[in-house]
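Me: I am new to reading protein models. Can you take me through one, feature by feature?

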Amino acid sequence: MALYRKYRPQTFEEVVGQSHVTEILTKALDNQMISHAYLFAGPKGSGKTSCARIFAKGLNCETGITSKPCNECESCRLINEGHSLDVIEIDAASNRGVDEIRELRERVKYRPAQSRYKVYIIDEAHMLTREAFNALLKTLEEPPEYVVFVLATTDPQKIPPTVLSRCQRFRFKKLTSDEVFQILENVCRSEGFSYQQEALELIAEVSDGAVRDALNLLEQISVVDEGKVSIKTARFLLNVVEDEVILDLLKTAFEDMDKAVERLAQLMESGVEAMELFRTMKSLVRRSVFKNKPWPRDVALEMFKMLESYNFIMERTEFPAVAMVALLSELRSEADLGIPKGGESVPLSQKNADKEKTAVAEKLQEPAAETKKGKKDSNQKREALTDDVEAETVKEEKESESDEQVTDAAATPVTAVGEDSSQDATGLESWIENVRSEYVPLYVVLREGKARIEGERLILSFPGLLHMYRRFMELPQVQKVLHNYGHFKVELQTEAEEKDESVLEIFKQVFPEAQIEEVKNN
Ligand SMILES: [Zn+2]
């Protein structure tokens, strides 16, 4: 028997992560307050049909209506096996339910054959046709007292309001990877699988809250591994990037950003997806939070926060590779981050601080006497981000920082965004570069959108998905950065061409200094 069937929860206590639902259903059964229609809405694999079956068992258990069905009586067993005459499961996705619902309208007139209630569980209910919904509605308007409907759906918006209003509604939440991990661990113990923790973490991460997917994966791996669940096989089957690749990439980024861009381009050309790199990086950093290695816990936490702030952009951007470059350069610029070196952790701030400080000091032609940590970090950050920064620029920013009241943003000449700058490409360039030090995701979007300024308008053009970019531009942190530079009216435009611009082309735009030509010829 497939693992996901074998370990389907049989009682409300066994349902993971949905106590807000199971508590109410438990009370309803214990107090015998039964409605005629329920809507279970939530992501796939979150336990909607399992809960519907437990509820049906609770209604029909031979021990009486109960929140704790015995799972032993004839009725419970038949429901568990899917053979009960009175618990009818309809998959609306298979033929959109037309015949079933027509039949249902006929059959609903007859009392249950063996039990108290006739329970109709309609899976993927949003897939029902309009005719099927109309037929269902007729039944819902005057339901026989022995009929209970449970509509399960991943997409409640597609259910007609007339049907919705007759249902008691429950929202199932997407399981966290920790919750999926717990389930996987329990199954491994029951099955006697020996497992590597990393393997279960990886499965939990990629299954994205869907328990069924997670258990199917676990089963595949255990078959290949003959009763073991190893990270090696998990990675092999999932075709994911090895941790070493990520460690190498980060190490390179900390040492030399140009090389890191080359390395990234090589990886992408060999078929690795940026999103996959991002996911592996997150998983590695998360593990580091628990294990205290390869990075110390506090460092890993800082890194994790930064990675989390990239979720939005990574999931939506058309150019995830560019976002990866931005992420790497931002990680690199975090002066407090450590990089693993020969097994022990060396804080990056110590490793690079002196070098960076000297570089800045040389450019400023003044003693490297920094007292305030904040200022030092700030300068390092700029130094790290702009590989060949003009001494004048640094000096200017340095001066503005000497006054604690003046923010970096205020120090930016307002003309950079005014009417004059619309003809002034360098003004816009330096403005965008400043945004880079404030909020890298916005920087990436400005680059992607080929930002230009006309009068008071900031115009961005994208190949599509304007609604997504609009939502991004409305984020509070984005608004804050924009306000720092003046009041724009942001305009988004569609731009059909250049959609399949190669990753390398974009790299070249963002990092013109990177030596990409050689990589291309490899
Ligand atoms: Zn029973």
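This is a predicted model: local features need pLDDT of at least 70, side-chain atom pairs count only at pLDDT 80 or more; totals for chains, interfaces and linings use all residues.

Me: How much space lies in the largest pocket?

Reply: About 1200 Å³.

Me: How do the lining residues divide into nonpolar, polar and charged?

Reply: Sort them by residue type. The lining has 16 nonpolar, 11 polar and 15 charged residues.

Me: Which residues coordinate the zinc ion?

Reply: Look for the donor atoms. Here they are the SG atoms of Cys61, Cys70, Cys73 and Cys76, at 2.3 Å. In sequence, the donor residues follow the spacing C-x8-C-x2-C-x2-C.

Me: What geometry does the site of the zinc ion have?

Reply: Check the angles among the donors. Four donors count as tetrahedral if all angles lie between 85 and 135 degrees. Here the angles among the four donor atoms are 103 to 121 degrees, and the site is tetrahedral.

Me: Is Cys76 buried or exposed?

Reply: Buried means under 20%. Cys76 has 0%, so Cys76 is buried. Cys73 has 9%, so Cys73 is buried too.

**Reading the backbone**

Me: Now the backbone. Which residues does a cis peptide bond join?

Reply: Read omega. For the bond between Lys293 and Pro294, omega is about 5 degrees, and that bond is cis. Pro294 sits in the loop between α15 (274–291) and α16 (297–309).

Me: What is phi of Glu124?

Reply: Phi of Glu124 is near 50 degrees, a positive value in a residue other than glycine. Glu124 is in the loop between β3 and α7 (130–141). Its relative accessible area is 25%, so Glu124 is partly exposed.

Me: And what is phi of Glu226?

Reply: About 55 degrees, which is positive, although Glu226 is not a glycine. Glu226 lies in the loop between α11 and β7 (228–229). Exposed means over 50%. Glu226 has a relative accessible area of 73%, so Glu226 is exposed.

Notes: Residues are numbered from 1 along each chain as its sequence is written. Side-chain values use heavy atoms; hydrogens and water are left out. Donors are N, O and S atoms within 2.8 Å of the metal (3.2 Å for Na, K and Ca); water is not among the atoms, so sites may look incomplete. Four donors count as tetrahedral if all angles lie between 85 and 135 degrees; four count as square planar and six as octahedral if opposite donors are over 155 degrees apart and all others between 65 and 115; anything else is irregular. Buried means under 20% relative accessible area, exposed over 50%, partly exposed in between (1.4 Å probe, protein chains only). On a 1 Å grid over the protein atoms alone, a cavity is a set of points where a 1.4 Å probe fits but cannot get out, and a pocket is an open set with protein on both sides within 12 Å along at least five of seven lines; lining residues have an atom within 4 Å of a point. Grid points are joined across faces, edges and corners, and a volume is the space filled by probe spheres set on the points. Ala, Val, Leu, Ile, Met, Phe, Trp, Tyr, Cys and Pro count as nonpolar, Asp, Glu, Lys and Arg as charged, and the others, Gly among them, as polar. Helices (H or I, at least four residues) and strands (E, at least two) are DSSP runs, numbered from the N terminus.
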